[in-house]
Amino acid sequence: MKTTLYRANILHFPVATLTPDTQAVMFDDGALVVANQKIIALGHYNDISRQYSKVNTVDYRGRLLVPGLIDSHLHYPQTEMIAQYGKQLLAWLQNYTFPTENKFESVEYCEHIANIFIRQLIDNGTTTALAFSTVHKQSVDALFTAASSLNMSFVTGKVCMDRHCPEYLQDTPASAQSDSDELIARWHGKGRNLYALTPRFAPTSSSAQLAALSELAQQYPDVFVQTHLSENAHEVEWVRSLYPEHSSYLDVYANFNMVRKRAVFGHCLHLSEDEWSQLAESGATAAFCPTSNLFLGSGLFDIQAAKRHQVNIALATDVGAGTTFNMLRTYGEAYKVSQLKHAPISPLEGLYMMTQGPAQAYDLADSIGNLNPGTYADFIILDPHFNSLSQLRIKQLNNASDILFALSLIGDDRAIEATYIAGNQQKISMEKSHVLA
């Protein structure tokens, strides 16, 4: 069993907290020890190095080591659509999304995009993602296969929609249920894969289809549920007209047993106080997708309401309406949105919303989201001096909050020097060795 010690400035959140600014743990000269894919020790270098004096050491001094990032809502079929000219949500779906997703009828095409998608995640420091596939079973198989080849923690599921979309993408209540059931059996809990029941959103699923998926939700209480909620004002009105018997958009999902722990609702921009309360009581998660919300003109996430109700909040890129795979840049846009809402999110809060926060919300904190011994060695190395501007801007290497904030605004994938998944380095951005003899 190979054991490796990584030396760096190290930052993480060892426990769940409502106050990330006071609960972050920082080692200015830290050591992380990895063996057999998992973390076995963490602490100050002087202490840890005495215990592991004979192991290989990788020297990242001057860098910041943090847990691998978690992206809680994005669409892998939309990788090639990123940066298409605007329009709002419903027009975006008709003009760009649905025609693009039709290409995934081809197994070869699924595999091609899945590999590009996984590489984009890794290059940007994302080590776990909750991704939408398409209506095609092979799109799910391709993405889980690509993630499994790296032993990457991954959540995805077949999109289900039996109305209000092109016929070439429609399934049925019966096929949505049988296909999802088959994919759960094939992938859920196999390796580091977890399945998500994935109705695209209430307008594209009939009551019959949601009822069929509800049966699976009750049969498999540990599977994820991922969908969209109140992204666009016109969408909310549409749902009201389609489901007049329900008191709210969220109530539609609740009626079909989909508002619960491990349910992740993308956007959540136009919610009532009752809906915020229901999210909090259920243990569900709101995925805050700032770049997408701004790009499509959908609205501004109400960070104050989410915090007031103590709803689980996870940051997410929502590629391809989202404009970057980079979670640090996503936090930078979330900061701007929260400034407009007069409740600025601090850099440590932002990091929490893409590491320990979602890991806790998804009951996965024993394996991802932090650097506690026993978790998988999913971590990234941030280089505060990746270019001349960052060298000029970032002076104090022991001020993690300042480093995170600066990189969220002036950084990009070059600031991610290395990405490790289950202890294996999957990205190397600079051709130089950090191994100490």
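Me: Is Ser390 buried or exposed?
Reply: Ser390 is buried, with a relative accessible area of 0%. Buried means under 20% relative accessible area, exposed over 50%, and partly exposed in between, with a 1.4 Å probe and protein chains only. Please note that this is a predicted model, in which local features need pLDDT of at least 70, side-chain atom pairs count only at pLDDT 80 or more, and totals for chains, interfaces and linings use all residues. Residues are numbered from 1 along each chain as its sequence is written, and side-chain values use heavy atoms, with hydrogens and water left out.

Me: Which helix is Ser390 found in, and what does Ser390 touch?
Reply: Ser390 belongs to helix α16, residues 388-393. Helices (H or I, at least four residues) and strands (E, at least two) are DSSP runs, numbered from the N terminus. Not counting residues up to four places away in sequence, Ser390 touches Pro384, His385 and Ile410; contact means heavy atoms within 4.5 Å.

Me: Changing topic: where is the kink in α3?
Reply: The kink lies at Asn95, shortly before the proline Pro99, and is about 30°. The bend at a residue is the angle between axes fitted to the seven residues ending there and the seven starting there.

Me: What span does helix α3 have between its end C-alpha atoms?
Reply: Helix α3 (residues 89-101) spans only 16 Å, whereas a straight helix of 13 residues would span 18 Å at 1.5 Å a residue. The expected span is 1.5 Å times one less than the number of residues.

Me: And which residues of α3 are buried, and what covers them?
Reply: Leu89, Trp92, Leu93, Tyr96, Thr97, Phe98, Thr100 and Glu101 are buried. Their cover includes α8 (233-242) and α11 (290-295).

Me: Which members of the largest nonpolar core touch the most other members?
Reply: In that core of 88 residues, they are Tyr253, Phe265, Cys268, Trp276, Leu279, Phe301 and Leu382. A nonpolar core is a set of buried Ala, Val, Leu, Ile, Met, Phe, Trp, Tyr and Cys residues joined through side-chain atoms within 4.5 Å. A second, separate core of 24 residues includes Leu121, Ala142, Ala146 and Phe154.

Me: Finally, how many helices and strands are there in the protein?
Reply: The protein has 17 helices and 17 strands. Buried residues make up 61% of its 437 residues.
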